[in-house]
Amino acid sequence: MKPSPLDYTRASSLDHVVELLANATDETRIIAGGQSLGPLLNLRLASPRRLIDISHIDELRRARIEGTDLAIGPCVTHAQVEDGELPDVTHGLMQHVARGIAYRAVRNRGTIGGSLAHADPAADWIATMAALGARVQLRGCRDERVLEIEELINGPLSTVIAPDEVITSIRVPRLSSGARWGHSKFARKLGDFADSMAIVVVDRDRSFVSGVLARRAEPPARLPRMIAALTAPDLQGAIDDAIDSDLKSLRIEAEDVRLHRAMIRRATREATR
Amino acid sequence: MKTVNVRVNGATYARTIDDRLSLADFVREHCLLTGTHVGCEHGVCGACTLVLNGKPVRSCITLAAAADGADVRTVEGYDGDVVMAAIRRAFNLRHGLQCGFCTPGMLATAYDIVTRLPDAGRERIKAELGGNLCRCTGYLSIVQAIEDVLTEMRGNAGGSAARDQIIANEECMP
Amino acid sequence: MSGFGIGASLPRLEDDRFLNGRGQFCSDIFLPGMLHAAFVRSPHAHARILRVKKPAGLERQVFAAADLAGVGRIRSTATLPGFKPSDWPVLANDKVRHVGEPIAMALGSSAAEAEDIAALVEVEFEELPAVVSMWDALKADAPLVHDDWGNNVLVELKLEGGDLARAKAAAAHVVERSFRMNRQHPLTLEGRGCVASYDGRLDELVVHVSHQLPVPLQIGLAQVLGMSQRRLRVIAPDVGASFGLKSYVESETVCVAWAAAELRKPVRWIQDRYESLVCDANCRDYHCKITAYADATGRVLGMECDVIVDSGAYSPWPWPAGIEGGLAMGNMQGCYDIRAFRGRAVNVVSNKPAGQPFRGVARPLSCCGHEVLMDAVADAVGIDPLEVRLRNFVQPEQMPYTSITKKMIDSGDYPTALKRAAAMIDLPAIRNRQRNPETDGRLIGVGFACFYEQTAYGTGPFGYSAWGIELVPGMEPAVARLTGDGELIIEVGSHSHGQGHETVFAQVAHEILGIDPHKVSVRFGDTSTSPAGTGTYTSRSMVTTGGAVAEACRALQAPIAKIGAHLLQCKEDDVQIRGGRVVGPSGNVELAAIGRAWYHHPEELPDGLDPTGLTATAGHKAHDPGVFAYSAHAAVVAVDPETGGVEILDYAIVADCGKRVNPLLVEGQIVGGFSNGLGNALYEESTYDELGQPTATTLADYTAPTAPSMPDLKLEFIETPSPFAAFGMKGIGENGAIGPPAAIANAVNDALRPLGVAIFETPITAHRVRAAIATARPKARS
């Protein structure tokens, strides 16, 4: 199908974006790589009257270390991450995740910011950024704010980003040298959205332990009891019980419990090996 | 409506277009280069894959307006390219195409694989082809064709011509 | 030039245009002043249309049923007893019977504009309860898809043979299995589409359409449009795959053709993928229940089967629903020497798109039926799945063999094929491996599938006429013409959309005339210039069209030899045609000299030459019962009991399609067919909710195999020449697609055996595997 009629504007700088958004309504959408929004436009599932293309703004495609964070521009592509162009602050986790997103042609255009703003819960970056404790910087015409992933995303395909706001940076805290991670993903086919994905990060030097389960059509779920079990030095058996306990508190169909448990266990083992 | 200037296969096309026109439809209808095919318009099947500013992309979910000022290479734009000639030869010898509809996208991806991943083994090749759907060949002949080209490029004779081609490509990029 | 004839793996001559982006598909045709069509489609599975309201100011660009003056309905009949014909309206008038059924056509100056206009058309509906599944259709109080039918049964067929009562009485084991094959989508990469225009000079309506059967489409379109065939030209250009999808008279083509004739402007419709996934989800959707009556050694004495096919809302023209039920039932006994049989096949209608045959056509179901049943007999008797098959096969010395369902199998060595396939996967090593747990916790399983494929069958009682359909294929034509410069043009009535006809028929010409295939053009697909065959389907073209091409080339030998002998001043008996020349005892002339004499200097021709000259028309009558290819498949899988994921560790195919004209292309057909079968087995399903709404409407939901899904296949060939085809060849196009669902299901169930669960439904998704395991005894699971 072809999109509904629309107006395309190319923004030349971040200030220009903010200026264009000043009069924005619900019918204005920002487009970066277009890999999430493009199909919606073609299927007429999204019919914005106005598109603002932010993908030609150089400063939004850069990533640099700022203090203890890696500040990633929203228009950094999955391919840039896959190819190791970014300083590696996650011991290769981000590079590993990037490589499993869709296909190379999509990765060449798709952006981290776009993926987060689109908020498909099965998208790899949502769960990964949540697991890393990343924060998202937003700028609107009046002010700026910084949100955790769980604050940014309030439902499947739904965020709190206001019509006049744009993501300006994704800040990923640098993992300590002794930090470890585990990532386990099950999808129907290579490159698909995951039916189940678990990411576990253990960074004891920063007292940071996180575990996230991503599923289709549900927001990423934290695994508090598993995290608690991992935080305290303990036996594998207690961790397995903690995982089961976390799963019970989530709405999961009987036949899917084994799948999610397997993903979490495999990610946990990888992170604690 | 917008006026865009897009360089396609080395020639500049200045056209006034509907803002919502895809890059795929632009090259097909405005440049009359129908080798790029549209198979799904949701970025999954890969039939529309062409090269934008040196990288393979889905032209069906790229707006032509977003390609204003960009450099595009379609399947029709590889005259004299030694690497593509080798890929085409290998596809023919290994029967890597049947109905031909997925082929231009497959060639774009094959080109990307052999130039970006010269050490790719069979499993990596299969993984990199995962974004190009084919219903006719069952893929194995395409994988074999790409393996053949990589082997040829690693060898001395065909290899250096191919490596020179890759360097020449990079020098042409904006 | 021995590398170019029958048996040569000649790389395809047609590749050049596709590799260089010069293919010409329907969507590549641009005509001045062309209008674009978009369709207003039903959002409901079953509803009465109360009103169609056109957008103000755009009424002349919107066409509903009442506007299509002179256009009839698509009505597919069959002489099968009890068959109920359905009227398939070109645009829905009183009722819509599936989501996506077209109600109106909007025309615009671009596809986007046409869609904008279509979106403004308002339709008022009265929703009706929908018949979604075959079970819904069969309920006593089911809503009626066709109001005047009385029920939702399109046709019920029965088939009986032998003494089943005696088999039942003698049976030591009675084993029953059911199998469900869910609805799928053919998922051709190029969707459907057409471009129609009126040619004022020839007074012809020219319809370019992505289609595999140009002549049947011409016949059917002319009937519906109420025009003479002489004035309707159908051209199928390059077609981006079909597999059976593009083989019927389509509503959209009728509308577009009508509009082009009415408005005297070119009109184009190119289907988009969303539209396709909604409207063309029209293949498979079967269920069978099969029972085997076996003796104590595992010999199956008799078989019963009950087949249900959900044919969607309408019968396509010319392939009425009913074919699939009949084929499923008629092939249910498989490669086995079963002497008593009772079968029943019921085709029902439902509120889903009209069912259409897709690569394999019912045989994937019958293969699942007999292969799953064989494993069940093996279990009951306590013997190996390999052994039970060897005991039941029709043996080579029994060939030719007429089955209890009247299949006249010409040749085949099933035991050799199966044993070889088992050896290729190293069966003893796998059985050994299965004795110990895997370090990663996965379960290993082996499965087999053996089947024959009846190909290239003919008109008669064991062929198409048994289906009682509107258009029975007959003789297959070919025309061969030597040009003035000694090259060859071959025109055929088949259509090549991936099968490589431009190469294989040139190979046939080379075999007979010695001409270099690179100097041969093979042309097809245009009802005004191609001889009238019926197109390409049911794996027949190599045998039937190939046979006709061989005959036409043979018919050219006489005039070529006669002219050549005359030019060489020697006797006709003393010349040979070889290497692109006519060779005499003391000299030779090129074919170009022959052509020059005929076209430029007839005064140099010999007396008594047939004035037909260098153009030969020939036909081929297929051997009515068909020629029987066959295969043995062996699959090794690993099942992850936690995720339900199935990985194919090894897969072997031993295939016999007689003499392979081009082994490289035959391999391509098998590997490609396998990928379709793999999709059938593990991935592909067109799903519907309880209201009949399709839920797999994008490629994010409908999954098909990609390169990483494919195992590295092991292929071997046996060549048992068919006595009934030129050069001993047989069809092979659908072979690869038939076996995988059965082989993989058997392998998965072999893997799940320790858990005491099994799956008899495709696709065998991870979700289904997990659900099955969830029902297993807890002790077995841990």
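Student: How many salt bridges are there between chain C and chain B?

Tutor: The count between these two chains is five salt bridges. Please keep in mind that this is a predicted model.

Student: What is the distance between the closest N and O atoms in the salt bridge of C:Asp28 with B:Arg28?

Tutor: In the salt bridge that C:Asp28 forms with B:Arg28, the closest N and O atoms are 2.9 Å apart.

Student: Which elements of chain C give two or more residues to the side that touches chain B?

Tutor: They are helix H1 (15-19), helix H2 (111-120) and helix H16 (663-683) of chain C. The largest share comes from H16(C), with eight residues.

Student: What classes of residue are on that side of chain C?

Tutor: The side of chain C that touches chain B has 24 nonpolar, 15 polar and 12 charged residues.

Student: How many residues of each chain are in contact?

Tutor: On chain C, 51 residues are in contact with 42 residues of chain B.

Student: What area is buried between chain C and chain B?

Tutor: About 3,900 Å² is buried between them, and carbon and sulfur atoms give 59% of that area. Three residues, C:Leu19, C:Leu189 and C:Ala707, supply 19% of the area that chain C buries against chain B, which is more than any other three residues.

Student: Let us change topic. Into which domains is chain B divided?

Tutor: Chain B has domain 1 (2-77) and domain 2 (82-171). Their C-alpha centres lie 22 Å apart.

Student: How many residues of the two domains of chain B are in contact?

Tutor: In chain B, 13 residues of domain 1 are in contact with 14 residues of domain 2. The two domains bury about 990 Å² between them, with 56% of it on carbon and sulfur atoms.

Student: Which residues of domain 1 of chain B lose the most area to domain 2?

Tutor: Those residues are B:His37, B:Cys45 and B:Val75, and together they make up 40% of what the domain 1 side buries.

Student: What is the count of salt bridges between the two domains of chain B?

Tutor: The count between domain 1 and domain 2 of chain B is zero salt bridges. By class, the side of domain 1 that touches domain 2 in chain B has six nonpolar, five polar and two charged residues.

Note on methods:
Residues are numbered from 1 along each chain as its sequence is written. Chains are lettered from A and ligands numbered from 1 in the order in which they are written. This is a predicted model: local features need pLDDT of at least 70, side-chain atom pairs count only at pLDDT 80 or more; totals for chains, interfaces and linings use all residues. Side-chain values use heavy atoms; hydrogens and water are left out. Contact means heavy atoms within 4.5 Å. Buried area is the accessible area (1.4 Å probe) that two parts lose on being put together, summed over both. A salt bridge is a side-chain nitrogen of Lys or Arg within 4 Å of a carboxyl oxygen of Asp or Glu. Helices (H or I, at least four residues) and strands (E, at least two) are DSSP runs, numbered from the N terminus. Ala, Val, Leu, Ile, Met, Phe, Trp, Tyr, Cys and Pro count as nonpolar, Asp, Glu, Lys and Arg as charged, and the others, Gly among them, as polar. Domain bounds come from an automatic or database domain assignment.
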